[in-house]
Amino acid sequence: MADKYDLCLLGLIILSSLLTGTSGVTYDEVFISSGENVSLSCNKTLSDCKSTTWTYENRHSGRVDLITGGIKNKDTERHERLSLESDCSLNIKNVTGEDYGLYICEQYVNGREQGSDAYVYLHVLHVSVSSSSSSSSSSSSSSSSSQTEISPGRSVTLSCQLYTVFSCDGRVHSRRYELLWVNQAGVDLKTDSRYQILSSSSSRCILTLTTTLLNEDDNREWRCQLTHRDQLLTSVRYTVKYSAPVLCDDDVVYMWHYVLN
C-alpha cells in the first residue's frame, strides 16, 4: 500500500494543476550519488528564464522557493550550489543527502502560467563510514574523500542509504528498487561469508556492510549499487588505501586511509 505521504503529494500535484489551469505536467525521476553535480530539466516555453520559478519540498520541509523570476533566493541554505542554465534547467553542485525531494519548475507571464510544469523527483544515494578504531564516524561521497586512521584487524561498517520522498517499504519495494553491495568485479558480497550485509530493520532504503579489514585490502574496492529491475541506476564506490609504512621506535606503523570515490 502506498505511503500516506505519497498519496498526499500526488493529490496536491493534481489539485495544483486543476486550480492553475496548467496545460499539462511532466514527471521525471533522477537518481544520483551524493557529491556529484546534477541538472534538473524544465519545460522551457519562453525565450528566456526571467519568468521561471523553481520550488522544492520533501517530507521534512515545507515548500521552499529556490528560484523566483529567474533569480536565486539567497535565503536558502543551498543557494551557493544552485545555478540556472540558459534552458532554465536547475543545476545543483555537490549534491548531498539533504537535497533529495520534489523540484517543480513553473513559468509565468503576467501572473498566468505558461506551458507545462516540470515535476522532478531527485533521489540521492549516500554512503557513510564508521570504524571500531575511532569514537567518531566519517562520511563522504562519490566525488570527495574522507580519511580515517585505522589499523589492520579493526572492523569497519559502511552504511548505504537511498534518500527518497517515497515510502521505502511501499513504492520503492513494490517497484523492485534494490540496494546491493558488490566487489570490484560486480559480484554480490552477500555470497562472501567475510562480509555481513544487513538491511535496516527500520527502512528498506538502508543497507550496511560490515567486515574486518585485512592487510591485502589495500586498494580493494566495494560499491553500493541502486538497481531497478536489475538495471543499474547509480552507485557509490568505496576504496581502501594505505600509505607507505612509517618506522617509529623500530615498529612498523601503517596509516590506513579510506577513500570514497
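**Rings and strands**

Colleague: Why is Tyr-177 called buried?

Modeller: In this predicted model, Tyr-177 has a relative accessible area of 12%. Buried means under 20%, so Tyr-177 counts as buried. Phe-31 comes to 17%, so Phe-31 is buried too.

Colleague: How many aromatic pairs does the structure hold?

Modeller: The structure holds 7.

Colleague: What makes the pair of Phe-31 and Tyr-177 tilted?

Modeller: The ring centres are 5.5 Å apart, and the limit for a pair is within 6.5 Å. The planes meet at 35 degrees. Under 30 would be stacked and over 60 edge-to-face, so this pair is tilted.

Colleague: Which parts does this pair tie together?

Modeller: Phe-31 lies in strand E1 and Tyr-177 in strand E13, so the pair joins parts 146 residues apart in sequence.

Colleague: What are the values for the pair of Tyr-100 and Tyr-163?

Modeller: The centres are 6.0 Å apart and the planes are at 35 degrees; this pair is tilted. Tyr-100 sits in the loop between strands E7 and E8, Tyr-163 in strand E12, 63 residues apart.

Colleague: Why is Tyr-163 called partly exposed?

Modeller: Its relative accessible area is 24%. Buried needs under 20% and exposed over 50%, so Tyr-163 falls in between. Tyr-100, at 7%, is buried.

Colleague: How do you know that the charged end of Arg-171 sits over the ring of Phe-166?

Modeller: The charged end is 3.8 Å from the ring centre. The distance limit is within 6 Å, with a further limit of 35 degrees from the ring normal. Arg-78 likewise sits over the ring of Tyr-56, 4.1 Å from its centre.

Key. Residues are numbered from 1 along each chain as its sequence is written. This is a predicted model: local features need pLDDT of at least 70, side-chain atom pairs count only at pLDDT 80 or more; totals for chains, interfaces and linings use all residues. Side-chain values use heavy atoms; hydrogens and water are left out. Helices (H or I, at least four residues) and strands (E, at least two) are DSSP runs, numbered from the N terminus. Buried means under 20% relative accessible area, exposed over 50%, partly exposed in between (1.4 Å probe, protein chains only).
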